[in-house]
Amino acid sequence: MSPAAVIVLAAGEGTRMKSRTSKVLHELCGRSMLGHVLTAARELEPQSLIVVVGHRREQVIAHLKDTAPDAQPVVQDRQGGTGHAVRMAFEQVGALAGTVVVTNGDHPLLRGETLRELVRVHEQEGNAATILSTDIPDATGYGRIVRAADGSVRAIVEHKDADEAQLAINEINVGMYAFDGELLGAALTRVTTDNAKGEEYLTDVIAILRGDGHRAGAHKAADWIETQGVNDKVQLAQATRQLNDRLLERHMRAGVTVIDPQTTWVDVDVTAEPDVVLHPDTRLRGRTHLGAGAEIGPGATLTDTVVGEDATVVNAVCDRAEIGPEVGVGPFAYLRPGARLRRGAKVGTYVEIKNAVVGEGSKVPHLTYVGDADIGKGSNIGAACVFVNYDGVEKHRSTVGDHVKVGSDNMIVAPVEIGDGAYTAAGSVIVSNVPPGAMAVARGRQRNIEGWVERKRAGTPAAEAARRAREASAGES
């Protein structure tokens, strides 16, 4: 069942996308269109995975190098039609003996199981060529599959050439095929350009093989939606919605609760355990993983983030973070790369964490920046604190021990260590190490200058309020 090759056609210009990016590189649900097709193709375990590139080939080849090094690019120098593209693959790769599957790089909804069924039917029926077809509600513009009495394919009739009876056929040619590789290679040399566009059409191979007495068949895909290509940004958005719905359904059937599927978006590599709850306006990107019972959203965006069991993330942005079990994040928190929150930790409102560890049960409740730091267990960081980690040239790291109480409005100027059980006074600027159990006070002594406002800000509302208060106080005395 493993084919000799899967050839993916990805050389088209894609002018309707109106983009500087190759059409097949536009993304949906965390993967390029071409990436989705290659993922489906790999389910066949082909001996060779070939991608025909042409327009903006540098972009596509670079993408393959980064994301699909197992795929071999083949260059189609000119846009000479689908038959010409496949012929270039044979000329540059060599003869292919066995089943050869041809698919398109702009069909991101295609399932691997559909391609497997195509190959199975092809080899079971002993066809020279097997067309992937589907029944579509509106077949306008598509080539119709005309079958013989034995179920084989007699012809593919283009819409403009179809008679009234053929126009009534809803089974269409999807544009993907399984071929006998040796017969395909020979037939491609006989395809002509005798048509309005002067191109070599792959569909002509079907007629050539039938003319030689070989059997052509068709495998009908059950879901016509997955056979649809993407040609412009409208279709890209539609395909993204359809793929997202498919992914969410898979998660829900595996035990994830999705409160509002219309506003919840997940990438293909996101994983989640049972009893996860996804609230509205949640976006899960990359390889994010959610542990059992985690509750995400509303208004959360997680990218390549691991969330432990029974943790909550509300109105937060998390990028490459590790959120431990029973942790609370948000609302309005920002976890940057390297943020690691241990079991039961709390990161609250308007808190930013970068490359830092917040220990088990420790709290950073509000209005604080923690960068390049290690906080032990059971500690509390007061409101409006800043871990000052950058000296203008290099980053430095600070350490806060276990059960430490850092007062509000502290500046922790790295590198310093605050020992276990220590306290720091509110408003302190900590520039030196604090021994365990000590109270660090690092602020100037308060000095009150009596009457300053009335003298220096005469005529202001503040001066008038101060005058009234002074007179009232004098009257009481």
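What share of the contacts in the chain with a separation of 6 or more comes from residues 24 or more positions apart? In this model, which is a predicted one, residues 24 or more positions apart account for 40% of those contacts.

Let me begin with the chain as a whole. The chain holds 10 helices and 39 strands, and of its 477 residues, 46% count as buried. The C-alpha atoms fill a box of roughly 115 × 50 × 45 Å when the box is taken along the principal axes. The radius of gyration of the chain is 33 Å, whereas a compact globule of 477 residues would have a value near 23 Å.

I turn next to the second largest pocket, and I will start with the general idea behind such a search. Rolling a probe the size of a water molecule over the atoms shows where empty space is left. The second largest pocket holds about 300 Å³ of space, and of the 16 residues that line this pocket, the closest to its centre are Thr39, Glu43, Leu110, Arg246 and Arg250. Helix 1 (33-42), helix 4 (112-125) and helix 8 (233-253) are the elements that give two or more residues to the lining, and helix 8 supplies the largest share, namely four residues. By residue type, the lining of the second largest pocket divides into six nonpolar, three polar and seven charged residues.

Asp70 sits in the loop between helix 2 (57-67) and strand 5 (71-75), and because its relative accessible area is 44%, Asp70 counts as partly exposed. If we leave aside the neighbours within four places in sequence, Asp70 is in contact with Arg42 and Leu49, while Ile50, which is 20 residues away from Asp70 in sequence, is 8.9 Å away in space, C-alpha to C-alpha. Gly94, in turn, belongs to the loop between helix 3 (82-93) and strand 6 (99-104) and is partly exposed, with a relative accessible area of 23%. Gly94 and Gly185 are 91 residues apart in sequence, and their C-alpha atoms are 9.3 Å apart in space.

Most residues other than glycine have a negative phi, and most peptide bonds are trans. Against that background, the bond that joins Gly297 and Pro298 is cis, with omega about 5°, and Pro298 lies in the loop between strand 18 (295-296) and strand 19 (301-303). The peptide bond from Ala414 to Pro415 is also cis, with omega near 0°, and Pro415 is placed in the loop between strand 35 (411-413) and strand 36 (417-418).

Asn355 is another, with a phi of about 50°, and its place is in the loop between strand 27 (346-354) and strand 28 (357-358). Cys29 is buried, since its relative accessible area of 8% is under 20%, whereas Asn355, at 28%, counts as partly exposed.

I will close with the cysteines. How many disulfides are there in the count? The count comes to zero disulfides. Among the cysteines, Cys318 is buried at a relative accessible area of 1%, and Cys385 is buried at 0%.

Conventions:
Residues numbered from 1 in each chain as written. Predicted model: local features only at pLDDT ≥ 70, side-chain atom pairs only at ≥ 80, totals over all residues. Heavy atoms only, no water. 1 Å grid on protein atoms, 1.4 Å probe; cavity = no way out; pocket = protein on both sides within 12 Å on 5 of 7 lines; lining within 4 Å. Points joined across faces, edges and corners; volume = space filled by probe spheres on them. Nonpolar A, V, L, I, M, F, W, Y, C, P; charged D, E, K, R; others polar. Disulfide = S-S within 2.5 Å. Buried < 20%, exposed > 50% of the residue type's maximum accessible area, 1.4 Å probe, protein only. Rg over C-alpha atoms; globule rule 2.2 N^0.38 Å. Contact = heavy atoms within 4.5 Å.
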